[in-house]
Amino acid sequence: MSSEAVRTADATGLAELIRSRQVSATEVATQALERIRQKDPELNCFTAVLEESALQHADAVDRLIAMGKDPGPLAGVPIGAKNLFDVAGVATTAGSRIHAERPPADKDATAVARLKGAGAVLLGVLNMDEYALGFVTENAHYGATHNPHDPDRVAGGSSGGSAAAVAARLVPVSLGTDTNGSVRVPAAFCGIFGLKPTYGRISRAGVFPLADSLDHVGPFARSVRDLALCFDLMVDANPRESTVSKLSQGIDGLRIAVLDDPYFRQGSAESFAPVTKAANALGVTRVVTVPEADKARAAAFIITMCEGGHLHLPDLRTRPQDFDPATVTRFMAGALLPASWYQHAQRFRAVFRERMRELFRSVDVILAPATPCLAIRIGQPTITLGGQEVPSRPNLGVFTQPFSFVGLPIVAAPVFQSGSLPLGVQIIGPAYKEGSVLRVSAHLEQLGVAKAHAPQSLAE
Amino acid sequence: MSGNDSEFGLYADHAARLIGLDIPAMYRDAVVQNIERAAKLYEPLLATPLSDDTPWAPEFEP
């Protein structure tokens with residue numbers, strides 16, 4: 001089995017190769033660790049590589065297979081997890097210096113444990129914005145994660161290490177979190193698939209929070225079937241509810257529409273191109289609007305600032321100098337916002353949820369842009385939004401925030417390239433309809449429209 | 001308008017004192033700017049009246 005075949009296989013395909021003994025889990029882990037040694041110094045995806053435990057786990061998978069037992073659907077598949085998931089024996093830094101001082105976790109987060117229980121081999125933990133506050137993964141303590149498609153550009157955030165590791169073929173699958181877009185923005189910037197499931201569907205046990213009201217766990221992958229498989233494993237779906245089994249159903253019976261109103265046109269010229277390309281491929285002509293998306297985004301912003309600020313208030317009082325300068329002033333501001341603002345934002349959530357429920361009475365899936373621009377340059381302070389120059393860090397999620405605000409399931413799918421840089425489309429469904437958004441994503445993949453292209457800058 | 005004398009600057013200083021937060025001088029302008037930014041974003045939301053039927057407790061199900 002060539003190293004190229006192992007490196008480019010998706011998780012589902014790789015597990016099949018390992019279960020059928022065409023390659024061993026130990027060989028796969030060894031190759032992946034070697035690739036991390038070669039490529040990660042340039043990319044900075046990993047904050048810790050767990051070589052010893054990974055090789056032990058891979059050996060255990062090989063021994064199970066040798067005994068004729070099935071390690072599970074992710075048998076021997078290398079994975080990584082954002083460094084805010086508890087991993088037994090590893091400090092859950094959450095991208096901070098402060099939490100790096102805490103003792104190592106004594107057990108794995110539930111989501112990590114579910115994937116490992118299905119045979120996955122955890123290779124390490126991945127870089128992020130400090131405390132998941134940001135869309136760029138430029139971390140003062142652990143450095144910036146570089147976009148594999150252009151190392152001068154950000155990988156997106158806050159799950160930037162998770163997305164870049166998958167895009168760079170260091171692992172086929174990784175875990176991230178999404179409070180306001182932290183799976184979808186890096187998936188779009190790195191040209192891979194990301195799933196933000198319905199709020200509450202995947203356990204957050206053992207995951208350090210940013211804003212409890214809005215936090216979601218989600219996987220990154222280079223194929224839709226891998227996203228679906230990871231989702232099924234993490235929700236512990238029974239076979240009759242499996243989303244993997246629905247992927248072959250195509251889009252028959254699904255009413256799909258394009259979300260097009262001025263709010264979603266305030267980005268750069270190319271930001272809407274993924275929507276147009278996906279809609280053309282699917283033959284979608286219907287257009288819908290989402291009134292008050294700007295208010296939903298504002299409410300999500302206020303809730304995140306308040307909850308994040310109050311979560312960290314004890315450390316903000318006693319050791320502000322130990323925070324990342326890019327986050328400390330935002331957390332402080334959040335801790336100072338009036339309670340009435342927070343209350344109003346939470347109440348508006350119920351109102352906006354009804355707006356979206358009403359919309360989803362007449363459609364099953366909507367398509368929207370994922371980001372207002374291509375991946376920005378590392379250190380780029382501003383972007384242009386609606387003709388105005390605004391700070392980049394808080395505004396790259398302007399198109400993702402309204403939907404995570406009400407917990408809808410969304411796939412970010414890579415459907416567009418501008419030069420070497422990818423862009424994604426959000427495929428959005430009503431609550432609990434992950435199957436619908438994954439079916440549309442799989443159909444786009446089957447048409448060759450959605451595809452996780454290999455980064456040119458990392459060609460061998 | 002940011003700075004020591006702005007409405008937001010005065011608010012930040014007073015609110016910080018009330019919650020026992022000492023804002024280091026090097027961070028103060030950025031903290032005030034972040035509050036101003038939140039206030040600007042919040043304006044249209046505040047202008048949206050919510051009916052009495054809208055739940056008051058921050059309890060949510062998707």
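Let's start with the aromatic cluster: A:Y131, A:F208, A:F323 and A:F331 form one. Rings of Phe, Tyr and Trp (its six-membered ring) count as a pair if their centres lie within 6.5 Å.

A word on the source. This is a predicted model, where local features need pLDDT of at least 70 and side-chain atom pairs count only at pLDDT 80 or more, while totals for chains, interfaces and linings use all residues. Residues are numbered from 1 along each chain as its sequence is written, chains are lettered from A and ligands numbered from 1 in the order written, and side-chain values use heavy atoms, without hydrogens and water.

Over all chains, the structure holds twelve aromatic pairs. One of them is A:Y131 with A:F208, tilted, at 5.8 Å centre to centre and 35° between the planes. Planes under 30 degrees apart count as stacked, over 60 as edge-to-face, the rest as tilted. A:Y131 sits in the loop between β3 and β4 of chain A, and A:F208 in the loop between β9 and β10, so the pair ties together parts 77 residues apart in sequence. A:Y131 and A:F208 are both buried (under 20% relative accessible area, 1.4 Å probe, protein chains only).

Next, A:W341 and B:Y42. They are stacked, 4.5 Å centre to centre, with 15° between the planes. A:W341 lies in helix α13 of chain A and B:Y42 in helix α2 of chain B, so this pair joins two chains. Both residues are buried.

Last, α2 of chain B meets α1 of chain B. Their axes come within 9 Å and cross at roughly 110°. The two helices are therefore roughly perpendicular (65 to 115 degrees).

How values were computed: Axes fitted to C-alpha atoms, helices over the stretch in contact; angles between N-to-C directions. Helix = DSSP H or I, 4+ residues; strand = E, 2+ residues; numbered from the N terminus. Parallel < 35°, antiparallel > 145°, perpendicular 65-115°, else oblique. Buried < 20%, exposed > 50% of the residue type's maximum accessible area, 1.4 Å probe, protein only.
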